[in-house]
Amino acid sequence: MTTPVVVLKRQGLGYVAHIENSLYRIAGLREVRGDLFGELTVSDLLAEHDQLLFRGSVNLSSLRERSTLAGYLKQRAKRTRRPGPLARPDRALYP
């Protein structure tokens, strides 16, 4: 198994990361009682119709919350993708 290539860029007051076939945007970073929260938007670049997988506030300091969200995103991406290796190759990387 290979490690995915991550491209992280600062955008405004937040960050944008392109990881494999997904685009992650995090904005509104704030600290609350020692935990780091942010507004996370995740888009699937290979989705046939519904490109948005998730949008909401996330506790980035919580391993449990990140793990739960990762499982949810994995299942959601499976449901939105068109079968086949040529699923949306024309999709722009940073819309």
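Leaving aside residues up to four places away in sequence, Asn59 touches Asp35, Leu36, Phe37, Glu65 and Arg66, where a contact means heavy atoms within 4.5 Å. The model is a predicted one, in which local features need pLDDT of at least 70 and side-chain atom pairs count only at pLDDT 80 or more, while totals for chains, interfaces and linings use all residues. Residues are numbered from 1 along each chain as its sequence is written, and side-chain values use heavy atoms, with hydrogens and water left out.

Asn59 is part of strand S5, which covers residues 52-59; helices (H or I, at least four residues) and strands (E, at least two) are DSSP runs numbered from the N terminus. Asn59 counts as buried because its relative accessibility is 9%, with buried meaning under 20% relative accessible area, exposed over 50% and partly exposed in between (1.4 Å probe, protein chains only). Two partners of the Asn59 side chain are listed here with their distances.

| Partner of the Asn59 side chain | Distance |
|---|---|
| Side chain of Asp35 (polar contact) | 3.3 Å |

A search of the whole structure gives one aromatic pair. The ring centres of Phe54 and Tyr72 are 6.5 Å apart and the ring planes stand at 70 degrees, so the pair is edge-to-face; rings of Phe, Tyr and Trp (its six-membered ring) pair if their centres lie within 6.5 Å, and planes under 30 degrees apart count as stacked, over 60 as edge-to-face and the rest as tilted. Because Phe54 lies in strand S5 and Tyr72 in helix H1 (residues 63-80), the pair ties together parts that are 18 residues apart in sequence. Tyr72 is partly exposed, its relative accessible area being 37%.

Strand S3 (22-32), strand S4 (35-44), S5 and H1 each supply at least two residues of the lining of the largest pocket, and the largest share, seven residues, comes from H1.

Overall, the chain has one helix and five strands, and its elements run β-β-β-β-β-α from the N terminus on.

Definitions and conventions: A polar contact is a pair of N or O atoms within 3.5 Å; within protein, one must be able to donate a hydrogen and the other to accept it, and residues adjacent in sequence count only if both atoms are side-chain atoms.
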